[in-house]
Amino acid sequence: MKVHVQVNEQGALRNGRYAFGNRYTVLSELLQNARRSGASAVHVEYLDVIQRLRFTDDGCGIDDFQKLLSLHESGWDEQLANSEGAFGIGFSKCLYAAKSVSVTSRGMTLAFECADALAQAELEVVPVPETDRRKTVVQLDGVELPHLRVIIGRMVRSFPIPVYFNGEPCERSHALDARPFVKTPIGMVHLAGVETGRPSDLVAVYLQGLLVADAALAGYLSQGEVDVIHLDLQRFAARLPDRTELIDPLEACERIDRRIKRTWRLTLLQHKAVMAPQDFVNRYYEAARCKDLLEVFDDVDVLPRRAYSLVSAYPGVPMREECDYRLVGESHLHRSDIDAGVVRLAAYEPGLEGPNVATLMYAQAASLVLVDLGMLGPNHWVQHGLRDLTREAVTVTAVDVTAEANFRGTYAQAPVRACDHIEIVHGGDKVVIRDKAMFWDGAILYPRGCRDGQVVMQVSDYRTAQDHVDELACGVDEDLLARFMRKLRCPDPVALLQCVLEEICWTDYPQLSGRRFRLIIGSSDATLTVSQA
């Protein structure tokens, strides 16, 4: 017994409508036919009231109407059919999209009901000598195409020949003649942001002038600049019959992404060769970072401002995002200043447990510039001989402790050691801190020159049960600690009053200069009586 493949023609024709993914495929197929015919322009008209669609082009026309209705038999010459994948199934979408179709070309017309065509009835081609033989007109009646103006606008954005919809020209901003392109192994590539240094995250990928991507993406491609790619038809193919998706899309997208990155790299190297280092960093550093091409800057004698920071404010606890203690550089740093020691650098990046308070206070006191190595290439010149603060040993000492007590605020609670100053030894380098307290090894170290309570931000993150920062409680604790320390450091009443008065800026009150006063503070209600002595 032998068997062989057979085709149920009626079943294939009846179910052919389900092969097409959406109703608008009829547009793309007719557009492709017009382009392949050598047309210089396409005119599309749609009357939604009577649901009539008309395509008119000035291409080579149709010499054999039978080929229109011969499925899987291309009407194009062999070379074009092979190079463009014209397999003879596109026009069949018309049979399923409309109720009736008429085609006029070279003085002949074929008009039929779609149901008759699908039933394989004989259809007559008749002469119409009064028509313009230079035009080919395809008319579909009973075709429902809602929002066609928007759809066709997206569809022809990259089409190689002009398209007019109801008499108005359609935008073709992604066409090969609309912007500069670079020839690459995958096709023609236009990179957005080459002149400005601001690359795009969106890519418009076209094959044969039509978008081959998720249809949901199409609406975003008109919003600002995007990368535009016209794929080489010899290296990529679209899935039939709709041709709206590439075959092996994941592999194809990886190839496209690699080529975009390589093209950006070549572009950066070309600009790097002719631009001043400062200008090159200004314009293209962010683009290189976005495209994972930071190695291009490895030998540029300017350190990008985004790659370093300064400890500009009092460091709080890691979880408290409001404690923005690091300030990104205001300008790029030149290698000559770094080599000459004018600027001192050190690498530092907080670990998973958060920033090391001692390291940050040391860096601030030592006027160190902190380099974020994650913002540079792995072989950047700045890394040679660069200190890495995360690898250095740290010791913190409260020198000349004069008093100790336990502080209890609304959130912050910790032992306190009043001292003359704090010494931080970091990798063998020592700094002395006299005016800032710090929380270290479970205790608050409070030097003599400190007058505030900011250190409570190192003790607690002030997060509520609802994960909000309680700023009011933080302010209360700062005041409580400042008053607590005045009492702790000055147990003698005269010394305590002296400590309180030292916090007053007396230069603001010149009329008090050189005078003597007698103060009496009430024991119960803290009433203050002042008289001149």
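Trainee: What makes the group around Leu-231, Trp-264, Phe-297, Leu-303 and Leu-345 a nonpolar core?

Mentor: In this predicted model, these are the residues with the most contacts inside the largest nonpolar core, which has 45 residues. The term applies because such a core is a set of buried residues of kinds including Leu, Trp and Phe, joined through side-chain atoms within 4.5 Å.

Trainee: Which element gives the most to this core?

Mentor: Helix H8 does, with six residues. Among the elements that each supply at least two residues are also helix H7 (249-274) and strand S13 (227-231).

Trainee: How do you know what Leu-303 touches?

Mentor: Contact means heavy atoms within 4.5 Å. Leaving aside residues up to four places away in sequence, Leu-303 touches Tyr-308, His-332, Leu-345 and Trp-381, among others.

Trainee: Why is strand S3 called mostly covered?

Mentor: Buried means under 20% relative accessible area, and six of the six residues of S3 (residues 100-105) are buried. In a regular strand the side chains alternate between the two faces of the sheet. Here Ser-100, Ser-102 and Thr-104 on one side are buried, as are Val-101, Val-103 and Ser-105 on the other, so both faces are covered.

Trainee: How do you know that S3 is paired with strand S4?

Mentor: Two strands pair if there are at least two bridges between them. Six bridges join S3 to S4 (residues 108-113), so the two antiparallel strands are paired. Ser-105 stands opposite Met-108 in S4.

Trainee: What do S3 and S4 form?

Mentor: They form a hairpin with two residues between them, and Arg-106 in the turn has a positive phi of about 55 degrees.

Key: Residues numbered from 1 in each chain as written. Predicted model: local features only at pLDDT ≥ 70, side-chain atom pairs only at ≥ 80, totals over all residues. Heavy atoms only, no water. Buried < 20%, exposed > 50% of the residue type's maximum accessible area, 1.4 Å probe, protein only. Helix = DSSP H or I, 4+ residues; strand = E, 2+ residues; numbered from the N terminus.
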